[in-house]
Amino acid sequence: MENRKDFNEWRAEKLGYVYFSRIKDLIITGSNADDTFFDYLIDVGESGKQTGRLFGVKVKALNGTSIDIQSIIKQYQHTSFPMLLIAFDNKTDQGYFTWIKEPKVDGRLLLDFKTKDWNKLDNSSLDKIVCQVKDWYIHQSIPLE
């Protein structure tokens, strides 16, 4: 029997794709039925070409049930690139996000097991997310002396 996603989770994933597709040069790869580790693996491309500047996205639906952020953080704690958790209110289509592994300008990836604050997902926050990921990768490519 085929393993089907809950309708609210499926819908939230589609909303996430719509949100991220607003940003030019993001190359979005969705998960398939065999590999659901990430809902999206996004490459911050340039001129439509992949650059290897990846970040992962996990998508959840806000439908009256709580999201177990701690187990999600544990699931992705060994990921070696930025990881974002987004959630959509399926009644309003409003998106929210929090970092699972937050890229810092100094090159660190911050994994914080504390209670997370949710931020509104909109065009401005999408731009900031992409800039934050780009800045992190710029630091990664600086040769050490």
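Asn-90 is found in the loop between strand E4 (83-89) and strand E5 (95-103), where helices (H or I, at least four residues) and strands (E, at least two) are DSSP runs numbered from the N terminus. The model is a predicted one, in which local features need pLDDT of at least 70 and side-chain atom pairs count only at pLDDT 80 or more, while totals for chains, interfaces and linings use all residues. Residues are numbered from 1 along each chain as its sequence is written, and side-chain values use heavy atoms, with hydrogens and water left out.

With a relative accessible area of 14%, Asn-90 is buried; buried means under 20% relative accessible area, exposed over 50%, and partly exposed in between, using a 1.4 Å probe and protein chains only. A polar atom of the Asn-90 side chain lies 3.1 Å from the backbone oxygen of Asn-8. Not counting residues up to four places away in sequence, Asn-90 touches Asn-8, Arg-11, Ala-12, Leu-15, Ala-61 and Leu-62, a contact being heavy atoms within 4.5 Å.

**Salt bridges**

Side chains of opposite charge can pair when their charged atoms come close. The structure holds five salt bridges, each defined as a side-chain nitrogen of Lys or Arg within 4 Å of a carboxyl oxygen of Asp or Glu. Three of them are listed here.

| Salt bridge | N to O distance |
|---|---|
| Asp-93 and Arg-11 | 2.8 Å |
| Asp-39 and Lys-58 | 3.9 Å |
| Lys-104 and Glu-102 | 3.5 Å |

The side chains of Asp-93 and Arg-11 meet in a salt bridge, and this pair links distant parts of the chain, with Asp-93 in the loop between E4 and E5 and Arg-11 in helix H1 (residues 7-20), 82 residues apart. Asp-93 is partly exposed, at a relative accessible area of 29%, and Arg-11 also counts as partly exposed, at 24% relative accessibility.

Asp-39 forms a salt bridge with Lys-58, and here too the pair links distant parts of the chain, Asp-39 lying in strand E2 (residues 35-44) and Lys-58 in strand E3 (residues 54-62), 19 residues apart. Are these two residues, Asp-39 and Lys-58, buried or exposed? Both Asp-39 and Lys-58 are buried. In the pair with Glu-102, Lys-104 is partly exposed, with a relative accessible area of 23%.

**Aromatic rings**

The structure holds nine aromatic pairs, counted when rings of Phe, Tyr and Trp (its six-membered ring) have centres within 6.5 Å, with planes under 30 degrees apart taken as stacked, over 60 as edge-to-face and the rest as tilted. The pair of Phe-37 and Phe-38 is edge-to-face because the planes stand at 80°, the ring centres being 4.9 Å apart. Phe-37 is partly exposed, with a relative accessible area of 32%, whereas Phe-38 is buried, at 16%.

Phe-38 also forms a tilted pair with Phe-81, at 5.7 Å centre to centre and 35° between the planes. This pair links distant parts of the chain, Phe-38 in strand E2 and Phe-81 in the loop between helix H2 (69-75) and E4, 43 residues apart. Phe-81 counts as buried, at 14% relative accessibility. Ring pairs link Phe-37, Phe-38, Tyr-76 and Phe-81 into a cluster.

Leaving out residues up to four places away in sequence, Phe-38 touches Ser-31, Gly-56, Val-57, Tyr-76, Thr-79, Phe-81 and Met-83. The C-alpha atoms of Phe-38 and Gly-56 are separated by 6.1 Å, although the two residues are 18 apart along the chain.

**The nonpolar core and the whole chain**

A nonpolar core is a set of buried Ala, Val, Leu, Ile, Met, Phe, Trp, Tyr and Cys residues joined through side-chain atoms within 4.5 Å. The largest such core has 37 residues, of which Phe-20, Leu-26, Phe-55, Val-57, Leu-84 and Ile-86 touch the most other members. The elements that give two or more residues to this core are H1, strand E1 (26-32), E2, E3, H2, E4, E5 and helix H3 (123-140). Leaving aside neighbours within four places in sequence, the contacts of Leu-84 include Phe-20, Phe-55, Val-57, Trp-99 and Ile-129.

The chain has three helices and seven strands, which run α-β-β-β-α-β-β-β-β-α from the N terminus on. Buried residues make up 39% of the 145 residues in the chain. Among contacts in the chain with a separation of 6 or more, 56% are between residues 24 or more positions apart.

Note on methods. A polar contact is a pair of N or O atoms within 3.5 Å; within protein, one must be able to donate a hydrogen and the other to accept it, and residues adjacent in sequence count only if both atoms are side-chain atoms.
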